[in-house]
Every structure is written in structure tokens, then in C-alpha cells.
Amino acid sequence: MINLILKRKLLREKKESDKLILEKTKKKNGITMFFERAKEHENLFIRYTALFFYSIWVIVLAIGSFLAFLFGYIAA
């Protein structure tokens, strides 16, 4: 290609589209996927209930990660 700016722009767009495809195909936890879909629900009650339980889920994961780090550090 003669125009380097156009070439770089096309490469940047291709890289962004590849990144989006990778994010879509990345395998996620079933519970996390359920909460992500429920957080965008049109019913207000379901949306806030999902946000509440999703917050609890994130806290549980954070505590579990910390404990795993702590036990790994103690064992090493």
C-alpha cells in the first residue's frame, strides 16, 4: 500500500475488531453471564435484584481470591 496512514488505520481497525471478537468468544462463568444478562433486564425489580446479588457474588469472589493468595503465600 502506498498510503501509510491508511494502512495504519486499516490495521488499527482490524486489531479492534479482532479484540471485540476475542472478548465475545471468551468463556465466562455461567453465574456471571446470568447476572450480566439480568443487569440489563427491562423490569426494574429484576434489574435491582440482579445488581444486589451480583454485588454479593463479586464480594464472595474477592474474598475467595484473597484466601487463595494468602494460603499460597503461606505455603511457599
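User: Which helix does Phe69 lie in?

Analyst: Phe69 lies in helix H3, residues 44–75; helices here are DSSP runs (H or I, at least four residues), numbered from the N terminus. This is a predicted model, where local features need pLDDT of at least 70, side-chain atom pairs count only at pLDDT 80 or more, and totals for chains, interfaces and linings use all residues. Residues are numbered from 1 along each chain as its sequence is written, and side-chain values use heavy atoms, with hydrogens and water left out.

User: What makes Lys14 and Asp18 a salt bridge?

Analyst: A salt bridge is a side-chain nitrogen of Lys or Arg within 4 Å of a carboxyl oxygen of Asp or Glu. The closest N and O atoms of Lys14 and Asp18 are 3.2 Å apart, so the pair forms a salt bridge. The structure holds one salt bridge.

User: Where do Lys14 and Asp18 lie?

Analyst: Both lie in helix H1, four residues apart, about one turn of the helix. Lys14 is partly exposed because its relative accessible area is 48%; Asp18 is partly exposed too, at 38%.

Technical notes
Helices (H or I, at least four residues) and strands (E, at least two) are DSSP runs, numbered from the N terminus. Buried means under 20% relative accessible area, exposed over 50%, partly exposed in between (1.4 Å probe, protein chains only).
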